[in-house]
Every structure is written in structure tokens, then in C-alpha cells.
Amino acid sequence: MMELIVFAAAAAMVLAGALGVLFTRHPVHAALSLILTLFGIAVLFVALEANFLAAVQVIVYAGAIVVLFLFVIMLLGVDKVEAMGIDPVRLQRPIAAIVGLCTAGLVTVAILASRGSLTARPGSGLTADAADADGNIRLLARDVFSDKVLAFELTSVLLVIAVVGTVLLARKPRKGETEVTP
Amino acid sequence: MIAAVPTPTTTWYLILSAVLFALGMVGVMIRRNPLVLFMCIELMLNAVNLTFVAFAQRLGDVGGQTTVFFVMVVAAAEVVVGLGIVVAILRRRPSATTDDLAELKG
């Protein structure tokens, strides 16, 4: 019973937030709707025994990324209302809606058709440590720092490259320097 | 006494994330503000993350959660670079929408 209520509430949050991102005209409202969706996903992560990822979801996504969005909105003053009435391409919005419905329907049918073939492997991994409070984070750490340690190191390289590239893109050029911004 | 209340299974989570992915896709197609486009891409990434975590729980394998961890890092880097590009574009042309950015020269 409890699980059903949690799932229903979190799913309602996720879908309401997603619809808010799609259909609110003001970018700030879209960012706030995005927070709603991300919190709903975090609740679902807890329901799926991924406690560490739920915490990371709230801190990194709802905390850092959405605040970054809001900063850029404030910084650029792009708080204008978007004109939703104009179709850039003829019939773009109806076609987009049809394509979206078809995608959701197709994937749902595929999930339902393959429902029986999904078998659990009991005793391996997550369920064994579910009773332990730190079990999830311990399992995750063991996986990241043993098998996937090379990927982890490459991730740090990626972050450094991203930071350097962004600084180069966003700074103002000095006098006598050719501009590299797009 | 309430009889036979269904508990959410993996299938429910998968269908929810399929719907969320489709919503994000529609958003990318209909919105014209570059910032909102990024938000819709975040919706799609989160839908895929939910799928990974649902499968990790069902199969009892922590690898799915590890993948989500890396997806989050890459998504953060992607947002930083993307917003850097948006700042650089909008500083020159404050009212640009994605339709105005059809050519490569500035």
C-alpha cells in the first residue's frame, strides 16, 4: 500500500513537472518545474533502493544544475515570454505531438510484450545488502573504484576540459585579441 | 481490510520513464528558447537514468547505478559547456531563438 502511494505521488510530480517544462512560457517557470521533476525522480530512486543516487540527484541536479540555469536566465535577462503561437516549420507542433505519442506507445508496447522475460537474479548484489544502512553506497563505491576506476579517472579529465572550454567560451576578449566567441 | 493492492513493479517504472522520455523529446521539438531546450534534454537524461536504476534493482546488479553515476557527471559537463555557448551567443544577439542560429558564422 505504502509503495503504491509513494509511486503514485512521485509519478504525478514527475509528469506534472515535465508538462510544466514543456508548456510554461516563462523560462524561470520552466526551471522551477524542472526542479519538481528532479525531486520526483529522486523519490523514485529511494523507492528503488538507490539511496546514494537519490542524494546525488538532489544535490547535483536540483541544486547545482537548476541553479546554473537560473543564473544564466538572470545574467542574460532572457526572461522574455516565448511566442508559442509561431510555428517555425509548418505544422511542427502537431507533428511533434504525434511523434512523441508514437514513441511513448511503441516503447510501452515493447516493455509490456517483454515483461515475462525479465527475471531477477536473487542473492547477487543489491538485495543482499538491503538491510545494511550503508550497503548501497558501499556496493557502489566498490564497483566504481575497482572495475570502473579508469572510467572514473577519465571523468575527471572530462570535467577539467569542460571547465577550461567554458571559461574560454564565456570570457570577454582582451584588447587587441581576435574574438573566438561564436 | 483492503484486498489485493498492487505494488509497483519494474514495468511501471519503465513505462513511466518511457512517457517522460517522450515528453522531453516533444519539448526539444516544440520549444525555441535554447535554455528550455537544455531543460528538455535533462528530462530525457533523467528518464534514461530511471530506467537504469529500475533495471539495477530488478536484476540485483549495482552496475546500473554506476552507469547512472557517470551519466550524471557527463550531464553536468554537458550543461556547463552548453550554457557557456548559450551565454556567448546571447551576449551578441540578445533575442536569438534556435531558429535564428541556422548559420555557423556569428
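Q: Which residues of helix 4 of chain A meet helix 1 of chain B, and what makes them a contact?
A: In this predicted model, the residues from helix 4 of chain A include A:Gln92, A:Ala96, A:Gly100, A:Ala104 and A:Ile111, and those from helix 1 of chain B include B:Thr11, B:Ala18, B:Ala22 and B:Ile30. Two residues are in contact if their C-beta atoms, placed from the backbone, lie within 7 Å. By class the contact holds 15 nonpolar, 5 polar and 1 charged residues; Ala, Val, Leu, Ile, Met, Phe, Trp, Tyr, Cys and Pro count as nonpolar, Asp, Glu, Lys and Arg as charged, and the others, Gly among them, as polar.

Q: Why are helix 4 of chain A and helix 1 of chain B called roughly antiparallel?
A: Their packing angle is about 160 degrees, with the axes 9 Å apart. Axes are lines fitted to C-alpha atoms, for helices over the stretch in contact, and angles run from 0 to 180 degrees between N-to-C directions. Angles under 35 degrees count as roughly parallel, over 145 as roughly antiparallel, 65 to 115 as roughly perpendicular and the rest as oblique. The pair is therefore roughly antiparallel. The crossing is right-handed; that word applies if the near helix is turned clockwise from the far one by less than a right angle, and left-handed if anticlockwise.

Q: How do you know whether helix 1 of chain A and helix 1 of chain B are parallel or antiparallel?
A: Their axes cross at roughly 10 degrees and come within 9 Å. The two helices are therefore roughly parallel to each other. Among the residues in this contact are A:Phe7, A:Val14 and A:Leu22 on one side and B:Trp12, B:Leu20 and B:Gly27 on the other. The classes are 14 nonpolar, 2 polar and no charged residues.

Q: What makes helix 1 and helix 2 of chain A roughly antiparallel?
A: Helix 1 (residues 2-23) packs on helix 2 at an angle of about 155 degrees, the axes being 7 Å apart. The two are therefore roughly antiparallel. Their crossing is left-handed. A:Glu3, A:Phe7 and A:Val21 of helix 1 and A:His29, A:Phe39 and A:Ala47 of helix 2 are among the residues that make the contact, which divides into 16 nonpolar, 6 polar and 1 charged.

Q: How do you know that the span of helix 2 of chain A agrees with its number of residues?
A: The expected span is 1.5 Å times one less than the number of residues. Helix 2 (residues 27-47) has 21 residues and should span 30 Å; the end C-alpha atoms are 31 Å apart, which agrees. Just after this helix, A:Glu49 has a positive phi of about 65 degrees.

Q: Which helix of chain B gives the most to the side that touches chain A?
A: The contact between the chains takes 66 residues from chain B and 71 residues from chain A. Helix 3 of chain B gives the most to its side, with 22 residues. By class, that side of chain B has 47 nonpolar, 14 polar and 5 charged residues.

Q: How are residues, chains and helices numbered or lettered, and which pLDDT limits apply?
A: Residues are numbered from 1 along each chain as its sequence is written, and chains are lettered from A and ligands numbered from 1 in the order in which they are written. Local features need pLDDT of at least 70 and side-chain atom pairs count only at pLDDT 80 or more, while totals for chains, interfaces and linings use all residues. Helices (H or I, at least four residues) and strands (E, at least two) are DSSP runs, numbered from the N terminus.
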